[in-house]
Structures are given as C-alpha cells and as structure tokens.
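Subject: Structure handover

Hello,

Here is the structure for your files. My notes on what was found in it follow below.

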Amino acid sequence: MILKTVSIRILRRITATTSYKSEIGVRYFGTQAASSLQDACESPVEEELGAMDWDNLGFGLVETDYMYVMKSGKEEEFEQGKLTRFGKIELSPSAGVLNYGQGIFEGTKAYRRENGGLFLFRPQENAIRMQLGADRMCMQSPSLHQFLDAVKQTALANRRWIPPPGKGSLYIRPLLIGSGPVLGLGPASEYTFLVYASPVGNYFKEGTAPINLYVEDAFHRAARGGAGGVKSITNYAPVLKAIRRAKDKGFSDVLYLDAVNKRNIEEVSSCNVFMLKGNVISTPPVNGTILEGITRKSIMDIARDLGYQVEERSIPIEELIDADEVFCTGTAVGVAPVGSITYKGNRVEYKMNSELESQKLYSRLVGIQRGDVEDSRGWVVEIE
C-alpha cells in the first residue's frame, strides 16, 4: 500500500451538515439506522478522500473511519447495532472464537460509478451464506435484513474511502464471532457481528496479469463431512503453510486436490477454479469441501448467457493440464486468468492472448457492476 501526502478532493461529501446526515440515513436505512449513522458522524470526518495513490492500490488493510457492531441478546436474537469508530474490540480470554474457533466471515464490495452513485453486488447472497455457515458452526446469526442494513451503513459511513471509478473498490468484511465466554467444549453464550471495510485494488501482486499456481498434494484444504463449504475462520489458518511454501518458490497461490483420491482439483486458497475446453466451461461441484463462491455463481450464469455449456463435475488434475484456459473467480480476485500450473515438478503453461474467454466473462461481470450492461437479474443493490 502506497500512501501519499497529496490530497485528493472528495467526489462527494458525507458530513456536510447534521440535517444532511439525517436525511441520507432515513432515506436509505430507516429511522433507527439513521440515528446510528448520525451518532457515529458527530465527530468530524475529513472532507477529502484519503491521501491514497489510487493508481497503485493493492490488497491490504487501510483503517477507514467506521465499523458496525451488533451483539446477540439474552433471547439469542441480535439487538439493534450501531456504527462506531473503527478500532479495537474487547474479548474475554475464554471467548468461543479464541478457544474453539467459532468464527465465520464474508466479503463483499462497494463500488463507485461515474455518476458518483454507490452500489453493492449481490450482498443478499453473502447474508444467506453467513446464515448457512452459522447453522453449521452452531452460532446465532443476524437476520437477512440486519446483515444488509449493517453492510449498507458501513459502506455509506466510509464512502470517502470508496475509490474513484475503475481504481478499485471498498472491500467490506462482515465478521461473526463467538464472543461469549465458554470453557467446556460447546457453543459460545453470546455472539458479536461486526462489519469493517478497506479500500482495495488487485488481490494478486501480478495485478491483472496471469497468475501461476502450484498444485499441492501434501496438504489438503478440506475433507468430506468437514466445514470446507463454510466460510469459517478455521479453514484459512491451515493453508497458510502451503501458501507460504508456494510463494517462496515464486508462485501466486496454491491449487488443492481432494483429500480422498488426491487427484481431483478442488479450489485455490482464496478462490474457485474453472477450466475451459472448446465451448464447455467446467468447475468442481459444491459437495461440502469447497466454498460456493458468489462470483462463481455469477460467472456461471453469465457464461450460459453468452452461449457456453457450463457443468459442475469432478475434474482430474490431468484433465486440467489439457485445458484451453484455466481461470479463478472470487470477490477479492474478480476473474483471474491462470498462466501456468506446476504439478509434481512439471510446469504447464497456457496460451495467453488479448481475447481470453475468461476476460470476456469478466468484462460482462464488470459491465453489470458499472451499469454498462443491463442487470436483468437484479444483482446490483444501489445505496445512493
């Protein structure tokens, strides 16, 4: 992340007057949420975009202005949350998340259009996935309305950190943790839902250039019957060693194989994987060991719209090696073409040109997000 001292004027103000804050809050979030937004905005916020070099925005944490916090009450339902200044939270040493890993998270993005409007992409899918994950992890979860309201409030309160059009996005991280104390193995007694955000650019250091994957056959990401299909915090620490080994060798990320046969591809550490052969686009099925990505689902629908045959099936690593194209999808990565994979010491490179089919899919996705392509499925949620 490169910070600049030069100031860049804000494209649109957030805290001009108290009445403006109240009007915006009521318009988009309702009376209760508007009160939260107004209270949070009592402290003055700089009237300028952060001193960022938007042209060289990487994927790292930038501490923005506000986060949203909500806790489950005694009746195991979440109470009204509120915006608060971005900062540290306090936890008991015996909190469920610290002792037994009761934590799940989501990732979505807020974008700025050329006309200054702000919008989200399919946040309801994130809300539903968090609820399903919470059920698997025996956690209380916010309702669909509570989730969407919190994400919208967080985006609007941090609007000055949403990059100019085409320069990146505001990555929004909803996080659900077992904050209540527990000693014996069991669910926490209280849960905290919080949302924070950070402006981001490209996920991989290669930017939009093709990435190079290392096929891991010693470590596995998930197994049948586990929580591989849940966006649980417990799925990510175990892959750090594999990622570090791969990056030390110059690779972008790791492609994992199934834990049973050690032959079928599953997913990359942070994204789903696809292959193209002829007019057929294939991806591993959602069977409990891979995350059902929201970008994954979107690209599958877009591919069908563009005339591709799309299938979900087991894909042996040998078949991937013979593909015409390989690409990855995810909220953080977007659609990333794969330039090569290395398996058992053998490197296979894929032909790169200016008309990759994966980039056609990505262009359609971005077009919908920017408003250049008709949003016939109602994926875009405008918050202003």
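Leu144 lies in helix 5 (residues 144-157); helices here (H or I, at least four residues) and strands (E, at least two) are DSSP runs, numbered from the N terminus. This is a predicted model, in which local features need pLDDT of at least 70 and side-chain atom pairs count only at pLDDT 80 or more, while totals for chains, interfaces and linings use all residues. Residues are numbered from 1 along each chain as its sequence is written, and side-chain values use heavy atoms, with hydrogens and water left out.

Leu144 has a relative accessible area of 36% and is therefore partly exposed. The classes are buried for under 20% relative accessible area, exposed for over 50%, and partly exposed in between (1.4 Å probe, protein chains only). Together with Ile128 and Leu132, Leu144 makes a nonpolar surface patch of about 270 Å². Patches are made of residues with over 30% relative accessible area and no salt bridge, like charges being joined within 9 Å and nonpolar side chains (Val, Leu, Ile, Met, Phe, Trp, Tyr) within 5 Å. Accessible areas come from the Shrake-Rupley method with a 1.4 Å probe, and for residues only the protein chains shown count as cover.

Helix 5 packs against helix 4 (residues 123-136) at an angle of about 130°, and the two axes are 9 Å apart. Axes are lines fitted to C-alpha atoms, for helices over the stretch in contact, and angles run from 0 to 180 degrees between N-to-C directions. Helix 4 and helix 5 are therefore oblique to each other (under 35 degrees counts as roughly parallel, over 145 as roughly antiparallel, 65 to 115 as roughly perpendicular, and the rest as oblique). The crossing of helix 4 and helix 5 is right-handed: a crossing is right-handed if the near helix is turned clockwise from the far one by less than a right angle, and left-handed if anticlockwise.

**Positive phi**

The loop between helix 4 and helix 5 holds Cys138. Phi of Cys138 is near 55°, a positive value in a residue other than glycine. Lys344 also has a positive phi without being glycine, with a value near 50°. Lys344 sits in the loop between strand 17 (334-343) and strand 18 (346-349) and, at 58% relative accessibility, counts as exposed.

**Salt bridges**

Side chains of opposite charge can pair when their charged atoms come close. The structure holds 20 salt bridges, a salt bridge being a side-chain nitrogen of Lys or Arg within 4 Å of a carboxyl oxygen of Asp or Glu.

One of them joins Lys71 and Glu190, with the closest N and O atoms 4.0 Å apart. This pair links distant parts of the chain, 119 residues apart: Lys71 is in strand 3 (residues 66-71), and Glu190 is in the loop between strand 8 (169-178) and strand 9 (191-200). Lys71 is partly exposed at 36% relative accessibility, and Glu190 is partly exposed at 27%.

Arg113 and Glu382 meet in a salt bridge at 3.8 Å, N to O. The pair links distant parts of the chain, 269 residues apart, with Arg113 in the loop between strand 6 (108-112) and strand 7 (118-121) and Glu382 in strand 19 (residues 380-382). Arg113 counts as buried at 16% relative accessibility, whereas Glu382 is exposed at 51%.

Glu216 and Arg245 form a salt bridge with their closest N and O atoms 3.0 Å apart. Glu216 lies in strand 10 (residues 211-216) and Arg245 in helix 6 (residues 240-248), so the pair ties together parts that are 29 residues apart in sequence. Glu216 is buried, with a relative accessible area of 1%, while Arg245 is partly exposed at 34%.

Arg122, Glu125 and Lys297 are linked in a network of salt bridges.

**C-alpha distances**

Val239, in the loop between strand 10 and helix 6, is buried at 4% relative accessible area. Val239 and His220 are 19 residues apart in sequence and 7.8 Å apart in space, C-alpha to C-alpha.

Glu63 is in the loop between strand 2 (48-49) and strand 3 and is exposed, at 56% relative accessibility.

Regards
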